[in-house]
Amino acid sequence: MAEELCVSTRTLKRYLRDTGASYRQLLDGARQLHATELLARPGLTVEKIAERLGYSSGANFSRAFQRWVGVAPGQYRGRVELDASAAEDMPRPAAIREPAGYGARLDSARPQTLLSLKLHK
């Protein structure tokens, strides 16, 4: 990851320490974000999602997902499908605004963003 950011490993470790984050936390955060996105797509099995996220098995991914979200991947997918069908009947907002302070958070999210990009490959 340090190489992708064009910094030394020591600089990356110092940055993570200063921000109170760990590589494991960033990796889990990126995996959780992508897992929820992938579970919203029909046609991808839990095993395929686990493989895309770098897990050795669907069972390991399922345990991690349950730890992050509190429900099994299949239950989460069912909720997303229900929410999507209910959302079709909801009126669309005219404009969506970025949350306050959004730009300021971009620099602090850079390592997680890179992890996210690596997970998509």
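C6 lies in the loop that joins α1 (2-5) to α2 (9-19). In this predicted model, C6 adopts a positive phi of about 60° although the residue is not a glycine. The side of the question that concerns solvent is settled by the relative accessible area of C6, which is 71%, so C6 is exposed.

**Overall composition**

The protein contains 8 helices and 0 strands, and from the N terminus on its elements follow the order α-α-α-α-α-α-α-α. Of the 121 residues in the protein, 28% are buried. Among contacts with a separation of 6 or more, 54% link residues 24 or more positions apart.

**Confidence**

The average pLDDT of the protein is 76, and 69% of the residues score at least 70. Over residues 90-111 pLDDT stays under 50, and for this stretch the model has 10 contacts beyond four places in sequence.

**Packing of α3 and α5**

Helix α3 (residues 23-39) and helix α5 (residues 58-69) have axes that come within 11 Å and cross at roughly 100°. That angle is why α3 is described as roughly perpendicular to α5. On the α3 side, the contact is made by D28, R31, Q32, A35, T36 and L39, while α5 contributes F61, F65, R67, W68 and V69. By residue class, the contact of α3 with α5 divides into 6 nonpolar, 2 polar and 3 charged residues.

**Nonpolar cores**

The largest nonpolar core has 13 residues, and those with the most contacts inside this core are A35, I49, L53, Y55, F61, F65 and W68. The elements giving two or more residues to this core are α3, α4 (46-52) and α5. Its largest share, 4 residues, comes from α5. A second, separate core of 6 residues includes M1, L5, L12 and L26.

| Core | Size | Residues named |
|---|---|---|
| Largest nonpolar core | 13 residues | Most contacts inside the core: A35, I49, L53, Y55, F61, F65 and W68 |
| Second, separate core | 6 residues | Including M1, L5, L12 and L26 |

Y55, one of the residues with the most contacts inside the largest core, can be followed individually. Leaving aside residues up to four places away in sequence, Y55 touches R31, A50, N60, F61, A64 and W68. Of these partners, R31 belongs to the α3 side of the contact between α3 and α5, and F61 and W68 belong to the α5 side. A35, F61, F65 and W68 are listed among the residues with the most contacts inside the largest core, and they also take part in the contact between the two helices.

Key
Residues are numbered from 1 along each chain as its sequence is written. This is a predicted model: local features need pLDDT of at least 70, side-chain atom pairs count only at pLDDT 80 or more; totals for chains, interfaces and linings use all residues. Side-chain values use heavy atoms; hydrogens and water are left out. Axes are lines fitted to C-alpha atoms, for helices over the stretch in contact, and angles run from 0 to 180 degrees between N-to-C directions. Angles under 35 degrees count as roughly parallel, over 145 as roughly antiparallel, 65 to 115 as roughly perpendicular and the rest as oblique. Contact means heavy atoms within 4.5 Å. Ala, Val, Leu, Ile, Met, Phe, Trp, Tyr, Cys and Pro count as nonpolar, Asp, Glu, Lys and Arg as charged, and the others, Gly among them, as polar. pLDDT is the predictor's confidence in each residue, from 0 to 100. A nonpolar core is a set of buried Ala, Val, Leu, Ile, Met, Phe, Trp, Tyr and Cys residues joined through side-chain atoms within 4.5 Å. Buried means under 20% relative accessible area, exposed over 50%, partly exposed in between (1.4 Å probe, protein chains only).
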